[in-house]
Amino acid sequence: MHKFIRFLFVAAALATTSLCAWAQPATDTGRAVAAFRQGDYPQALLLFREAEAAGNRSAKLRFNLGVTLFRLGRYREASGYFQPLLLEPQWRDLAEYNLGLVARRQGDQTLASRHFRRVSEHASSPKLQRLAALQFGRLVARGESAAPRPWLAMASVNAGFDDNPYAVKNELLAEDAVGEDQFFELFAWGQYRLAGSETDGWRVHGYGFTRRYSELDSLNLGSLSANLSRDSLWAGWLLETGAGAELVTLGGEQVSRQLQLIARARREFGGIGVQLSYVPAYYAGGENYRYLDGWRQRFSARAERQAFGGAEMGIYYLFDTNDRADLQQAADDYYSYSPLRHAFGTDIRWRFLSRWEVRAGVEYRRSVYDGNNRIADDSGEWFEYQRESDRFRTWISTRYRLTPSFSLDGKLQSIDNRENQDIYDFDKTELSFGASYVF
């Protein structure tokens, strides 16, 4: 098998030519191939990168880069080169076979089996069909994979402590009604593929969540969501488009119902994973929450790549705009519930010994509410102001996999919120432990 893969690699590399004859002299890919054959993969990568920088954008060079990165153990970056080749008819089967190898090395045997099975059934090369069938058969024989399931699900249970459940000014925490409390959480998520595959198909998915406090029943939170999505591949981007609905309750009372559209895109660029998301939604508040009626639009952008020591680092930006009915309780007072928000954050993830994972992150969020609030001060005098807030959130979480499906989890989160009216300032810390299972 290794000889065959090397043969394919060498054949592809020898055929590589520059697409820009007018540019500087093309990098000698023959030297890159020689370095690869001698096992000097760092040097081969350097030479192939030089060819790429010189303007060579051929599918052959992208494949060579993917194989070289695979040999260096940089599987995520390798996948970023193989994935767009699924759109190239001449390279589709070979790219998918290599994606199967990448998935197997990353420990995702289910995804690996899907790639191998498709190649074994549809590849135009009989030799590649046999290789893929052999890989698929080995996974099945080891009990690491079976025929691809149309469904996937996970569930988690957590118990924790919240030192400020109402998120109010710290001086008020002496009151019994707003003090610290313990909580219990349940979360479940699942999806079912109606037709097709991860890159060309339809699926339904959704989740359910509830948090129950020991004493503060009025803060018990629940949400239920259902969505229909279309997955597709376009110009190297993995796309998700669809629509969904969500119901949210607080203290057993309906807070809102929402209908939303979904548009997400994901792609790798030379080892940097880029994710984009746009989710517009319309909210209808419950009987006592009519001020939440209206539109909400969310956009997010995220980039992540492998960092030092095998860690993965990400940076992201979130934009959230709202046009709600807002709240006017009487002739004189007015409260805006239509914030414009910008959030910037970064996080990092470490994996140790393939079983233990630690994540940490920090986020800053700036909120400015539309319209001027009109309220009375302690002396009864009315005044107007535009509500603004700055929130800092930090967190650290850990997950230890006892088995490939069963994990133990923990999380510590802290929030520091400051506003231009200090009555809304608060600090909040949550600590939770639990377990999760993937079905």
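**Questions about helices and strands**

Modeller: Helix H6 is followed by Gly107, a residue whose phi is positive, near 90°. The model is predicted, so local features need pLDDT of at least 70 and side-chain atom pairs count only at pLDDT 80 or more, while totals for chains, interfaces and linings use all residues. Residues are numbered from 1 along each chain as its sequence is written, and side-chain values use heavy atoms, with hydrogens and water left out.

Colleague: How do you know that the length of H6 agrees with its number of residues?

Modeller: H6 covers residues 92-105, which is 14 residues (helices, H or I, are DSSP runs of at least four residues, and strands, E, of at least two, numbered from the N terminus). The expected span is 1.5 Å times one less than the number of residues, which gives 20 Å for H6, and its end C-alpha atoms are 20 Å apart, so the two values agree.

Colleague: What makes H6 largely enclosed by the rest of the structure?

Modeller: A residue is buried when its relative accessible area is under 20%, exposed when it is over 50%, and partly exposed in between, using a 1.4 Å probe and protein chains only. In H6, 11 of the 14 residues are buried, and therefore the helix is described as largely enclosed; among the buried residues are Asp93, Glu96, Tyr97 and Asn98.

Colleague: How many residues of H5 are buried, and what follows from that?

Modeller: In H5, 8 of the 8 residues are buried, so H5 too is largely enclosed by the rest of the structure. Its buried residues include Arg76, Glu77, Ser79 and Gly80.

Colleague: Why is H4 called roughly antiparallel to H5?

Modeller: Helix H4 (residues 59-71) and helix H5 (residues 75-82) pack at about 165°, and their axes are 8 Å apart (axes are lines fitted to C-alpha atoms, for helices over the stretch in contact, and angles run from 0 to 180 degrees between N-to-C directions). Angles under 35 degrees count as roughly parallel, over 145 as roughly antiparallel, 65 to 115 as roughly perpendicular and the rest as oblique, so H4 is roughly antiparallel to H5. The residues that make the contact include Phe63, Leu65 and Phe70 of H4, together with Tyr75, Ala78 and Phe82 of H5, where contact means heavy atoms within 4.5 Å.

Colleague: What makes H2 and H3 roughly antiparallel to each other?

Modeller: The axes of H2 (residues 29-37) and H3 (residues 41-53) come within 7 Å and cross at roughly 160°, and therefore these helices are roughly antiparallel as well. Among the residues in this contact are Val33 and Phe36 of H2 and Leu47 and Phe48 of H3.

Colleague: Why is Ser407 called buried?

Modeller: Ser407, which is found in strand E15 (residues 406-419), has a relative accessible area of 2% and therefore counts as buried. Leaving aside neighbours within four places in sequence, the contacts of Ser407 include Tyr400, Leu402 and Ala435.

Colleague: Is Thr429 buried, partly exposed or exposed, and how do you know that?

Modeller: Thr429 lies in strand E16 (residues 426-438), and its relative accessible area is 28%, so Thr429 is partly exposed. Not counting residues up to four places away in sequence, Thr429 touches several residues, including Phe161, Asp163 and Leu412.

Colleague: Why does Arg211 count as buried?

Modeller: Arg211, in strand E3 (residues 200-213), has 12% relative accessibility and so counts as buried. Arg211 and Phe184 are 27 residues apart in sequence but 5.6 Å apart in space, C-alpha to C-alpha.
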